[in-house]
Every structure is written in C-alpha cells, then in structure tokens.
Amino acid sequence: MSIKHFIIIVYIILLSSCAHRFEVQVPNKQPPAPKIENVKVALVLGGGGAKAIVQLGAIEVLVNNGIPIDLIVGTSAGSLIGAMYADNPDYKAIHKKIMRLTKWDLIDLTFPAPFQAVAKGYHLQKFIYENLRSKNIEDLQIPFIAVATSLNTNKTYLLKAGPIAPAVYASSAIPITFAPIRLYDQTLIDGGASDPVPVSVAKKYNPKMVIAIDISSTPDNILPSNALEITYKALCISYYELARLQSKAADIDIHPDLTRYGMFDDNHKEEMYQLGKKAAKAKLKDILAFMKIHGIKQRPVKPTS
C-alpha cells in the first residue's frame, strides 16, 4: 500500500468517526418481556451473514401462501432479517433495503489493537436504528426474540425486550469481526456460538408448528495449510453440524445449498434470494399438509402490486 492510499484510508476513518452519532438509551436491566401466547407458527432464522437474504426469499413464499407467522426467533444475521420483518411485514420493502446494503454499511473500520475485533458495531446499530419504525422489541408488529451468547454464563441469552439496535447487534457480534457488547450486566457475542438455529427457543412458546430456515453451509474442501486455517475450518465444521442438528428438530427444515456463497458475499444477493424462494417452495406441500393436520388455518393473501 502506498503512503497516499494509507492517508486516504485514515482520512475516511476519521471522517466517519466525526459523523453524526445516534444515541440509544439502554436500561440497566432488560425490561419485562411482553407475553407471547397462542403461537401457531414460529419462524426460526439461523445465522449466516450476507446469506440471510435467502431467508427473506423464503418468507416471500410463506406469506404469499397464507402461512401465518406468529413468532420470529433469530440468531445473528437471522435476527436482522427477523427484526426487520417483525417491524414491517413487507418483504418487498425489506428486499429493496437489503439489495442496496453492503458489508461496509455494517462494518465500521477501526484500528484494532492486537487480538481485538475490527468493528465496534456502530454502523450495524445505526442501520437498524434508522431502518426500523420501532425502537424497542416490545413495539414490533410480530413477537420477536434475538438470540445471543453470554460470555458470563457460557449459555444462550435471549433478548425479548428493550432497544432493538443493540439487541440485534449482540446477536450478530461474530467474534474477531465484531466486538462483544455489554448489555444488562452480560457480555454478549453472536448467538451462533451457542444456538445457530434456535429451534429450542421457539419451542418454549408451544407453537403448533416450527419452521426453521438454516443458511449454514459446509466449508470448502481445500486442505488448510497452517494452524489458523485449521482452527477456522474446525470451527466452521462444528458450527455447521450444530446448526443442522438444531434445524432438524423443527417441524419444517428449510436448508438451501449455499456452498458457493460466503458469509460476506455481496455479489450474489438476488441469486441467493431466489434460492430462498426455491427452497421454501420445495417444502410448501409439507408445510400445508402439517397445517391441515394440526388445524392451522391459512391467512388471506393480499394481492401483490
């Protein structure tokens, strides 16, 4: 890198740090969560970075076939899609926003100290704050739970009330990329560390049907060449196996083949969106049959414009 390029990067970072900053007032304790009752269909959205647009494609198919969504439980990027849909159940409007989004809109570059995360989460929280009508989870149109992992207890931590922006950030704070966040006396990281596809969380609310959309994929077949690559691949394998185990516990397991796509892949969003639609359509017969057996009525479908 030339001196000129280095100076330009420093200048951009300094400008972004001087930009208008929003403030989210976070209470010391998580507020009381609203009651979640009479859940017919719970939708569980797993983590997977940019691949989460697949989930929105699947949601389009569910909505256009009258599948009710009474509860959304999301981990990591699934919590972002879930919060956006719970706030405004309009997949077309969300599609427009996601299609314009790049990873650099969510990752705020910093000069990290050794062994520290490269992003502090400001851009991700700002995006959530500016693109959702509701500011608190309890105000969303559809009941929603963001799933994070507590470094205090080494267990899943559920965010069921309070400000949405830090909750979704906590659920999405992938180690190394995003710094942990301190919320409600807990140090929280990405929910995928403990619950990549949190079907068990949804089942606590006794839904008649759980639909899981798992966007995990197996790592590539390239043999690692050093200790860091070996460690990373081992983590990817563990994550995938746990995600598949959890997703298969749902009544409906939607799992498109996303082997070709990466967590930070900005270049194939429409392609992935269509894969989500295709995967949901492939499960539609099973979904409708399950609904008939368990007395779940389809909702009237609004005409598309």
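L151 is partly exposed, with a relative accessible area of 44%, where partly exposed denotes the range between buried, under 20% relative accessible area, and exposed, over 50% (1.4 Å probe, protein chains only). The residue is placed in the loop between β3 and β4; strands here are DSSP runs of E with at least two residues, helices are runs of H or I with at least four residues, and both are numbered from the N terminus. The C-alpha atoms of L151 and Q186 lie 7.3 Å apart in space, although the two residues are 35 apart in sequence. The model is a predicted one, in which local features need pLDDT of at least 70 and side-chain atom pairs count only at pLDDT 80 or more, while totals for chains, interfaces and linings use all residues. Residues are numbered from 1 along each chain as its sequence is written, and side-chain values use heavy atoms, with hydrogens and water left out.

The loop between β3 (144-150) and β4 (156-159) also holds N154. N154 is exposed, with a relative accessible area of 63%. Its phi is near 65°, a positive value in a residue other than glycine. A phi near 65°, again positive in a residue other than glycine, is found at D185. D185 belongs to the loop between β5 (181-183) and β6 (186-190) and is exposed, at a relative accessible area of 54%.

K160, in the loop between β4 and α6 (164-172), is partly exposed at a relative accessible area of 27%. K160 and P143 are separated by 17 residues in sequence and by 8.6 Å in space, C-alpha to C-alpha. I107 is located in the loop between α4 (91-100) and α5 (122-131) and counts as buried, at 9% relative accessibility. A distance of 6.7 Å separates the C-alpha atoms of I107 and G121, which are 14 residues apart along the chain.

D70, in the loop between α2 (53-64) and β2 (71-75), counts as buried at 14% relative accessibility. D214 occupies the loop between β7 (209-213) and α8 and is buried, with a relative accessible area of 1%.

Aromatic rings were considered next. Rings of Phe, Tyr and Trp (its six-membered ring) pair if their centres lie within 6.5 Å, and planes under 30 degrees apart count as stacked, over 60 as edge-to-face and the rest as tilted. By this rule there is one aromatic pair. Y169 and F178 form this edge-to-face pair, with 5.8 Å from centre to centre and 85° between the planes. Both Y169 and F178 are buried. The charged end of K135 sits over the ring of Y129, 4.2 Å from the ring centre; this relation requires NZ of Lys or CZ of Arg within 6 Å of the ring centre and within 35 degrees of the ring normal.

The largest pocket contains about 1200 Å³ of space. Its lining consists of 36 residues, of which I174, Y232, L235, C236 and M263 are the closest to its centre. Helix α8 (residues 227-247) gives the most to this lining, with ten residues. By class, the lining of the largest pocket has 18 nonpolar, 13 polar and five charged residues; Ala, Val, Leu, Ile, Met, Phe, Trp, Tyr, Cys and Pro count as nonpolar, Asp, Glu, Lys and Arg as charged, and the others, Gly among them, as polar.

The structure holds one cavity of 30 Å³ or more. The largest cavity has a volume of about 370 Å³, a volume being the space filled by probe spheres set on the points, with grid points joined across faces, edges and corners. The largest cavity is lined by 22 residues, and G49, A50, A77, L80 and L106 lie nearest its centre. Helix α3 (residues 77-87) supplies the largest share of the lining of the largest cavity, three residues. This lining has 15 nonpolar, four polar and three charged residues.

Notes:
On a 1 Å grid over the protein atoms alone, a cavity is a set of points where a 1.4 Å probe fits but cannot get out, and a pocket is an open set with protein on both sides within 12 Å along at least five of seven lines; lining residues have an atom within 4 Å of a point.
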